[in-house]
Amino acid sequence: MMFPSARGLGEGACLRFFASLAALLLALIATQAWAHPAPFSYMDLDLQDGGIDGTLTVHVIDIAHEMQADDTDHLLEPQGLKEAAPHITKLLGSRLGLRSKEGAALPVTWTGVETHADNDAIRLTFRLDGTPPGALHIRPQLFPYDPQHQTFVNIYESGDLAQQWIIAKGDDPRTYYAGSSAGVWEVIKVFVPSGIHHIMIGPDHILFLFGLILLGGSLGQLVRIITAFTLGHTVTLALATLDIVTIPSTLVEPAIALSIVVVGADNLLRDEGRDVRSWVALAFGLIHGFGFASVLKEFGLPQEALGWSLFSFNVGVELGQLALVVPAALLLAAIRRYSPVLRKRVTVTGSIIVIGAGTWWFIQRVFF
């Protein structure tokens, strides 16, 4: 499309042209503003002893679109809103996305609908009766027709702000853990198994522990080794997940692999010399803690229960370690009692395997 040149127009024609152009631009702006001036909704949830009080504020344009209504002003009038209220609550009730830990939708009782004409908004109040669940799953999908729509969620406990989220279309459900004993128990049930699972699927951590106990020793020695490793990774797990100290995974992962090589080499070189495995476990435990933290960050830490989630994940890690270390230590002790020659062979062969695996992981994580 070509616009006529002002040089080839008379003064009156020129004025009419620019007036028409300005009117066109204003019409486009007005159309866009009417189509979607504010793609946001706001949901407040206040957890009380006897239930949850909720407030939902939505834009009238979104409601009008869902109800296929052309006259938004009518929805902002008391009579119009009264007529539309049953349809609005039925529409939004199925889209609040409030569920219990079992995944069942929580029943909502609507308690009021009113207009906020100054903001072209409709405000609804509702209540969920009964003791709030320890874990409240939240995934509002109020107006799926608009891919840009977002819901701002504020969660309160007895009037005090505890959590804030912005949830968009396609986001995963968010889970709020109540600050009650039920909420703490839900955190424990989620994060202890997560810690156990991470150890069980982490061959590098397992091999590092195996390398530490391969030479055996008294019960006291083994306890000191595992305690030192626990102390090391607990410190850096907390520091990293709280973003007090951060180290990129491009450095952490090769360092973990290198720690495995060092442990295996120490087994071969030290033999019957001074036992420094506790110090090695402490030093490299600090590095392994950063590895645990990366997993925990991906899993997601509930800010309202940060301490309990960190503690529970760490307990899970320790339980996973014990489940692997205790049987291995008992087996190695039985081999040592059965045959000193076999003990030597197992130590050498096991150390070579530890070194080989650690070397491969180091090369893989540095160069590939």
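## A tour of buried spots and salt bridges

Start by selecting Arg 123, which is partly exposed at a relative accessible area of 26% (buried means under 20% relative accessible area, exposed over 50%, and partly exposed in between, with a 1.4 Å probe and protein chains only). Before you move on, please note that this is a predicted model, where local features need pLDDT of at least 70, side-chain atom pairs count only at pLDDT 80 or more, and totals for chains, interfaces and linings use all residues. Residues are numbered from 1 along each chain as its sequence is written, and side-chain values use heavy atoms, with hydrogens and water left out.

**Asp 171 and Arg 174.** Select these two next and look at their side chains. They form a salt bridge whose closest N and O atoms are 3.9 Å apart. Asp 171 is partly exposed at 24% relative accessibility, and Arg 174 is partly exposed with a relative accessible area of 25%.

**A network.** Then pick Asp 53, Arg 127 and Asp 129, which are linked in a network of salt bridges.

**Across the chain.** Go on to Asp 204 and Arg 365, whose side chains meet in a salt bridge at 3.1 Å, N to O. This pair links distant parts of the chain: Asp 204 sits in helix H6 (residues 203–213) and Arg 365 in helix H11 (residues 340–367), 161 residues apart. Helices here are DSSP runs (H or I, at least four residues), numbered from the N terminus. Asp 204 counts as buried because its relative accessibility is 7%, while Arg 365 is partly exposed at 24%.

**Helix H6.** Eight of its eleven residues are buried, so the helix is largely enclosed by the rest of the structure. Among the buried ones are His 205, Leu 207, Phe 208 and Leu 209.

**Last stop: His 198.** Select His 198, in helix H5 (residues 181–200). Is this residue buried or exposed? At 10% relative accessibility, His 198 counts as buried. Leaving aside neighbours within four places in sequence, His 198 is in contact (heavy atoms within 4.5 Å) with His 205, Gly 291, Phe 292, Val 295 and Phe 313.

How values were computed. Helix = DSSP H or I, 4+ residues; strand = E, 2+ residues; numbered from the N terminus. Salt bridge = Lys/Arg side-chain N within 4 Å of Asp/Glu carboxyl O.
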